[in-house]
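Let's take a friendly walk through this structure, starting with a term that will come up again and again. Please have the sequence and the 3D view at hand.

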Amino acid sequence: MTDSRATIHLRSAGVSVVIAPSPEPRILHWGGALDDSDISALEVSSTGGQAYSSFDLPRIFPLLPRERSGWSGRPSLAWHRGGQFSDPAPRLAAIERPDAETVVLRYDDAAASVDLTLRLDTFGILHHSIRVSAAEGTDPLDLVAVRAVLPVPAEATEILDFTGRWTRERHPQRQPLGYGAHVRENRRGRTGHDSAFVMVAGTPGFGFRTGRVWAAHTAWSGNSELAAERLPEGAGVHGAALSSGELLLPGEIRLAPGESYTSPETVFLFSATGLDGLSAGVHSLLRSQPAYPSEPRPLVLNTWEAVYFDHDPARLADLARLAASVGVERFVLDDGWFIGRPDDRSGLGDWTIDPVAWPDGLGPIADLVHELGMQFGLWFEPEMVNPDSRLAREHPDWILSTDEDPALWRHQLVLDLTRREAWEHILEQMDAVITRTGIDFIKWDHNRDLHAAVSRATGRASVHAQVEAVYALMDELHTRHPSLEIESCASGGARVDLGVLEHTQRVWASDTNDPIERQAIQRWTGLLLPPELVGAHIGPERAHTTHRSASLGFRMATALFGHAGIEWDLAECTDAELDALRAWSALYRELRPLLHSGTTVRADLSGTANLLHGVVAPDAGHAVFAWVQAETGPNAAAVRVPIPGLDPASRYLIRERDELTSADPHQVLSPAWLDGPLSASGAMLCEAGLPLPVMNPGSALLLEFIREPA
Ligand code: GLA
């Protein structure tokens with residue numbers, strides 16, 4: 001259908017997106033649901049007044065804002081063609097509706113044609129992507145920027161985005177949205193520990209349960225940028241703009257006539273009920289994706305913190321037997337199994353089994369793991385190479401850098417997977433190990449940033465092509481091995497984004513297994529990812545990354561809210577600890593159907609001493625919450641804390657699940673209601689709440705809510 005005049009109203013899951021095609025395609029509204037009967041009033045009121053010292057027309061804010069359209073902020077398009085046509089002037093040529101959810105706006109320009117696709121999915125999430133195709137002619141088209149830019153209302157005056165570092169990923173930062181641009185550029189060639197992750201703009205004081213929030217996420221694992229920008233003249237009748245896109249390096253995207261570039265998708269999210277509303281939408285989206293795993297999430301044991309590089313087949317066989325005895329369902333052999341890999345200084349790039357560490361190959365351990373009823377997983381780092389490796393010695397031109405002496409990072413360099421021969425070499429090596437050994441799962445690592453990533457084959461910046469090559473490698477392995485699962489790991493959580501989740505089945509959120517750090521990392525990773533896609537492991541009592549000690553109960557309660565696992569040398573454990581792990585694995589199996597399908601709920605509490613988070617079944621008939629004492633707080637005795645997210649009209653039986661941990665009181669007595677079954681309505685629980693105990697720091701209490709028959 002093509003009609004370039006009628007206003008288009010997309011509506012789903014409480015969200016409306018209204019697009020007016022003329023005088024230039026623009027968003028009239030992106031936010032809460034409207035009726036079709038509201039559209040004409042929206043159209044009539046779609047321009048503001050005319051400002052002093054400004055254009056001689058009221059400003060509008062088009063879907064492709066740029067200088068020529070009167071937008072002095074970061075433009076949606078920037079390019080040139082041999083220095084010419086450097087002022088994009090796309091004119092709408094057609095509007096197409098391939099289906100009821102989707103609008104494709106086709107524009108023409110002297111230098112290029114531009115297709116902008118907007119799709120409002122059934123979860124109320126707006127998917128935005130742009131395709132630029134160079135026009136016929138002689139000069140190539142050099143792309144400088146291709147950004148998705150959407151307006152947000154003037155009431156959105158506070159922003160939230162993220163930073164981080166190794167073992168402290170996705171740490172929130174909040175601030176007022178001042179005038180100017182708050183820009184987060186990622187030039188790391190991977191998503192990054194300090195990824196901006198999501199740019200949220202919302203009403204002042206927005207929280208998990210309250211506030212109106214608009215957000216953008218770039219679904220891409222390479223260079224990217226996210227920005228919130230506010231100019232004194234506004235954005236048409238809107239207050240500010242959110243923008244997102246790939247950060248393009250100089251000369252990186254040069255299109256010959258007829259060639260095209262498609263931007264990574266940006267997902268734009270809106271919620272009228274705070275951040276939990278955003279999460280509910282994205283979690284549903286991820287759960288509906290083709291890459292989403294189809295089997296219950298198996299309990300994992302990963303060998304990394306148990307043995308590091310010390311691969312002794314007999315010891316690892318014992319570890320596998322112990323793992324099976326506590327209920328582990330997937331045994332993952334981490335780094336150290338391939339040739340020339342006694343430590344992290346050598347071996348990357350040579351994906352054949354080390355005959356010294358594994359004289360009989362990996363067959364015997366894989367067979368044992370399978371006989372014990374577990375899946376067998378293996379670590380790879382396919383995009384990397386140590387200079388001390390056969391691959392680097394034989395193919396120096398396969399290094400992704402034109403530097404004669406490129407800087408090492410963890411003693412390694414990046415392999416240029418944009419070279420077909422390198423890509424095929426790695427594919428065949430991996431395929432051979434997977435096929436011969438019977439690998440069910442790959443932990444796919446990526447332990448350095450890509451700096452100055454210029455291909456020796458082309459002399460061109462190649463982050464974009466490298467990311468595409470990696471996605472293609474993952475897809476090819478999935479095609480050859482349909483039941484293979486892949487985990488996205490990058491020195492912990494430096495590759496967590498919705499782009500990689502189109503090709504993988506879980507992420508490793510962080511290298512820290514310290515439960516205090518993990519509570520925060522899992523909470524904020526959970527802003528986009530449902531718990532079952534986020535690996536969460538129990539480490540030893542004294543965390544290897546922080547040297548902080550934590551009780552086993554707290555470690556178990558923390559790992560329960562994720563794709564749970566163990567990363568601990570079980571041979572060190574006492575019988576009591578092994579029994580505790582058995583109880584935990586039984587509880588994980590019991591609760592996993594709820595935890596891995598329900599709605600994530602996080603309470604808004606003042607201060608940082610406590611966290612209250614839980615998962616509520618889609619029909620609200622069952623829920624599990626964790627009350628966490630992260631540090632000491634100002635309260636000496638328990639106070640009522642509202643329990644959000646339950647059905648107000650239902651009555652619930654509330655009980656403590658004390659198999660893993662029970663309130664470790666930091667008061668003489670915990671509240672008496674914890675001793676016996678308590679029945680309360682969802683309304684009472686949400687409006688009045690329950691006195692939750694003051695506990696010693698580093699402890700958690702698990703509460704279960706079961707709907708009582710009417
Ligand atoms: C990275 C990962 C770790 C582990 C090591 C192995 O740091 O994040 O979990 O796999 O590599 O070298």
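A residue counts as buried when its relative accessible area is under 20%, as exposed when over 50%, and as partly exposed in between. Please keep in mind that this is a predicted model.

Asp 514 has a relative accessibility of 0%, so Asp 514 counts as buried. Its side chain meets that of Arg 548 in a salt bridge, 2.9 Å from N to O. Because Asp 514 sits in the loop between strand 27 and helix 9, and Arg 548 in the loop between strand 28 (534-538) and helix 10 (552-559), the pair ties together parts that are 34 residues apart in sequence. Arg 548, at 33% relative accessibility, counts as partly exposed.

**Other salt bridges**

The whole structure holds 50 salt bridges.

| Residue | Residue | Distance |
|---|---|---|
| Glu 101 | Arg 119 | 3.6 Å |
| Arg 315 | Asp 569 | 3.0 Å |
| Asp 514 | Arg 548 | 2.9 Å |

Arg 315 in helix 4 (residues 313-326) and Asp 569 in the loop between strand 29 (563-566) and helix 11 (575-595) are 254 residues apart, and their pair links distant parts of the chain. Asp 569 is buried, with a relative accessible area of 11%, whereas Arg 315 is partly exposed at 30%. Glu 101 is partly exposed at 26%, and Arg 119 is partly exposed at 27%. There is also a network of salt bridges that links Glu 590, Arg 655, Arg 657, Glu 659 and Glu 704.

**A closer look at Asp 511**

Asp 511 is found in the loop between strand 27 (506-508) and helix 9 (515-525). Asp 511 is buried yet has no salt bridge, and the nearest side chain of opposite charge, Lys 443, is 5.4 Å away. What the side chain of Asp 511 does have is a polar contact of 2.9 Å with the side chain of Trp 508. A polar atom of the Asp 511 side chain also lies 3.5 Å from the backbone nitrogen of Gly 492.

Methods. Residues numbered from 1 in each chain as written. Predicted model: local features only at pLDDT ≥ 70, side-chain atom pairs only at ≥ 80, totals over all residues. Heavy atoms only, no water. Helix = DSSP H or I, 4+ residues; strand = E, 2+ residues; numbered from the N terminus. Buried < 20%, exposed > 50% of the residue type's maximum accessible area, 1.4 Å probe, protein only. Lys, Arg positive; Asp, Glu negative; His and termini not counted. Salt bridge = Lys/Arg side-chain N within 4 Å of Asp/Glu carboxyl O. Polar contact = N/O pair within 3.5 Å; in protein donor to acceptor, adjacent residues only side chain to side chain.
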